Amino acid sequence: MAAASRRGLRRVASYGGRALRLGVLAGVASAASAQEVYTQSDFGGVGLMQSPAARMAQEGEFSFVLSRTTPYTNYNVSLQPLPWLEGSFRYTNVSNRPYGPTYLSGSQTYKDKSIDAKVRLREESRWLPAVAVGARDIGGTGLFSSEYIVASKRAGPFDFSLGLAWGYIGNRGDIANPLDFISDKFDTRPNSGTGATGALSINKFLRGRPGFFGGVEYRSSWRWLVLKAELDGNDYKHQPQNNNQPQRWPVNLGAVFRLNGNVDLTLGYERGHVGTAAINLHSNLATHVDPPKLSDPKPEAVAYTSAPVRASSETPAALPDDKAADAGAPEPARRAPAQVDWAEMANALGNNAGIDVRSIGRRGSELVIHGQQDRFFYAAEGVGRATRIVDNRVDGTIDWVTVSAERSGLATVDTSVHRPRFLALLDHRLDLPDFRRSVEQDPVTARDEEVLYRAPLRRFTGGTSLGYQQNLGGPDAFVLYQVYAAASGTFNVTRHLWVDGVLSVNLANNYDTFRYDAPSNLPRVRTDVRRYLTSSDVTVPNLQLTGTRKLGQDLYGLAYAGMLESMYGGAGGEVLYRPFGQHWAIGADLNWVKSRGFRQDLSFRNYHVITGQATGYLDTGYHNVTVAVSVGRYLAGDWGTTVDVSRQFANGARMGAFATITNQSGNAGYGEGSFDKGIYVSIPFDLLLPRSSRNRATLLWQPLQRDGGARLNKRYTLYTLTNDLDSDLFDKNLGRIAE
């Protein structure tokens with residue numbers, strides 16, 4: 001039997017072994033919409049007014065809540081990465097307290113940063129309530145810190161909640177602390193404001209007299225109206241900063257008006273004294289559907305049966321009877337491989353399928369397209385378009401179409417499609433579950449291949465763009481911003497070696513108010529950021545020579561030198577072992593870097609350091625949660641560990657959090673905070689724009705800029721460059737192959 005025939009048969013048999021573990025997402029959106037949609041509290045997170053409930057938002061929910069209850073304005077962002085875990089971060093504006101000295105902060109009022117977390121211990125059953133525990137304002141000054149346990153139970157349109165809280169939520173102190181039998185330390189709660197900024201205030205956890213809170217939420221017969229009544233556990237006699245407030249009675253009332261599926265408006269009356277208002281902008285990242293791609297070229301039409309491919313032992317399974325082609329379908333100009341205009345096909349693959357073709361080859365009845373996908377975030381979409389293009393130009397001697405994906409010169413994965421079954425899928429003679437048996441992903445290996453076309457190297461690419469960056473919550477101004485224009489360019493020496501860079505020009509900013517440098521006794525590796533931002537209007541944030549190489553099966557290499565980021569230049573390298581078909585990887589990088597001049601030109605300052613980390617990556621298999629643990633040396637010369645935990649949804653959106661602890665964490669020389677931490681959301685532009693894009697928008701909240709635990713901000717990382725090896729993302733979006 002011919003090699004091509006054996007390969008065809010192997011593809012079918014491999015369905016039970018190494019073939020794609022494909023999942024069809026049909027019905028997920030409808031199931032999600034049938035779930036309960038809960039409302040947010042004044043402090044962010046699912047709850048009543050001032051207090052939380054045991055409920056959780058839908059998995060993947062992202063909410064921004066702006067609420068005002070004199071004298072506090074809360075800016076809250078809440079995330080629901082897992083069904084049982086809710087996380088929030090918040091800035092609270094205290095409108096009757098100054099931020100700091102007038103010479104530094106001007107008229108800016110006080111801002112407090114907070115991180116909250118809530119964990120559901122059990123779901124509601126027929127007789128028992130849902131139960132959750134949580135903590136508010138976990139770290140730092142802990143002005144609004146609180147810990148609680150709460151239960152919620154539904155009865156028809158009414159949803160009742162009852163809880164017990166320590167700290168801010170339970171400041172009324174209804175009962176003695178039930179934990180005082182462990183130690184009398186639980187009787188007294190340390191005063192708020194005693195913790196270091198950014199530090200965990202665990203010395204307050206479950207301390208002091210707790211208070212009861214609770215209430216009821218009523219779902220009216222009008223879907224747009226929800227009513228709330230709440231027993232407030234705070235008497236407002238022990239407010240932080242001695243900012244006590246009058247309270248006529250402890251009942252808060254509110255009404256939520258659901259203006260549409262993404263906007264809620266809340267009006268309320270709290271403390272028997274003040275009117276309140278809040279607006280909640282929310283969306284579900286897990287079920288978000290991308291807008292129509294009006295700016296994309298339409299996929300090429302195909303004539304399904306006008307030129308049938310040959311039937312042979314290579315065909316993996318009998319297809320349904322052919323249906324007559326549409327009367328108006330054009331007859332494609334299919335030719336034998338020797339007669340095909342491969343340059344024209346490569347151009348069509350670039351313009352329509354987004355593949356920057358390196359070469360096209362043939363392995364028996366298999367056509368192989370080597371190239372880099374530059375347009376479509378979901379690889380299946382590019383593969384489907386490429387198969388259409390091949391079918392319109394090549395005769396029936398080709399049964400399999402393989403796209404051999406590359407990224408920055410690194411070959412990653414072969415994705416192969418059986419051509420006759422793909423046409424049957426397009427013609428609705430085959431459903432997606434049956435079609436999936438004829439799709440396979442394999443590791444890229446060196447194999448004999450007849451080269452039909454080799455594309456010339458495109459030497460230069462470039463473009464221009466507008467950009468925006470900001471810092472939030474500083475003492476100089478709540479928002480420090482810059483609008484800039486950027487020009488970027490890449491010169492390709494070879495397909496594995498290139499020079500690229502960015503030129504940035506300031507257009508507008510408010511950096512004239514930027515005066516504050518955070519305290520630090522470590523080398524100022526990051527807290528000099530003010531001087532980097534304010535020293536020049538024209539900067540070169542990045543200019544580097546980069547090379548890649550596949551060092552062996554599943555082993556990848558990266559080397560680079562130049563101005564690696566806005567604050568550091570130097571040289572370094574990275575290796576990554578990422579086995580095909582596995583859910584783990586391990587890598588390491590090592591860099592010698594020197595601090596750049598404040599003008600971000602080609603000059604350097606005196607400080608230099610050797611830095612790098614070894615990193616292990618593990619997709620846990622639980623709700624697509626990935627854990628990355630890095631161990632090594634950081635920019636300030638400190639040694640430590642970074643733990644990054646993130647959840648990726650089926651459409652590629654990701655929520656995550658990280659924390660870094662080093663041998664300097666908690667020391668007097670570390671500066672503000674006891675360790676570094678942050679929360680981020682990464683959203684594919686494809687979910688936001690009317691055109692396809694492989695880029696991402698990343699929203700990062702890092703409470704403080706520190707010198708301890710600081711890492712080099714590399715432009716390229718091997719784990720990102722090999723993301724095409726993420727077979728789960730391909731599997732869950734396989735339906736896009738027919739789009």
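Two strands are taken to pair if DSSP finds at least two bridges between them. Helices (H or I, at least four residues) and strands (E, at least two) are DSSP runs, numbered from the N terminus. The structure is a predicted model, in which local features need pLDDT of at least 70 and side-chain atom pairs count only at pLDDT 80 or more, while totals for chains, interfaces and linings use all residues. Residues are numbered from 1 along each chain as its sequence is written, and side-chain values use heavy atoms, with hydrogens and water left out.

**Overall composition**

The protein chain contains 10 helices and 31 strands. Of its 739 residues, 53% are buried, where buried means under 20% relative accessible area, exposed over 50%, and partly exposed in between (1.4 Å probe, protein chains only). The accessible surface of the protein chain is about 31700 Å², and carbon and sulfur atoms account for 58% of that surface; these areas come from the Shrake-Rupley method with a 1.4 Å probe. Contact means heavy atoms within 4.5 Å. Among contacts between residues at least 6 apart in sequence, 61% join residues at least 24 apart.

**The six-stranded sheet**

An open sheet of six strands has the order E17-E16-E15-E14-E13-E18, with mixed pairing. Its edge strands, E17 (439–443) and E18 (450–454), each pair on one side only. From one strand to the next, the twist averages 20 degrees. Within this part of the chain, E14 (residues 366–373) and E15 (residues 400–407) run parallel and are joined by seven bridges; His-370 has Ser-404 in E15 as its bridge partner. Helix H4 (residues 342–353) lies across E13 (355–363), E14 and E18, at about 135 degrees to E13. Axes are lines fitted to C-alpha atoms, for helices over the stretch in contact, and angles run from 0 to 180 degrees between N-to-C directions.

**Helices H5 and H6**

The axes of H5 (residues 379–391) and H6 (residues 419–426) come within 11 Å and cross at roughly 105 degrees. H5 is therefore roughly perpendicular to H6, a term that covers angles of 65 to 115 degrees. On the H5 side, Gly-384, Thr-387, Arg-388 and Asp-391 meet Arg-419, Phe-422, Leu-423 and Leu-426 of H6. The residues of this contact comprise three nonpolar, two polar and three charged. Here Ala, Val, Leu, Ile, Met, Phe, Trp, Tyr, Cys and Pro count as nonpolar, Asp, Glu, Lys and Arg as charged, and the others, Gly among them, as polar.

H6 is largely enclosed by the rest of the structure, because eight of its eight residues are buried. Among them are Arg-421, Ala-424 and Leu-425. The cover over the buried residues of H6 includes H5, strand E16 (410–418) and helix H7 (432–435). Just after H6, His-428 takes a positive phi of about 65 degrees.

The hairpin of E26 and E27 has five residues between its strands, and Gly-621 in the turn has a positive phi of about 80 degrees. In the hairpin of E27 and E28, five residues lie between the strands and Gly-637 takes a positive phi near 85 degrees.

Note on methods:
Angles under 35 degrees count as roughly parallel, over 145 as roughly antiparallel, 65 to 115 as roughly perpendicular and the rest as oblique.
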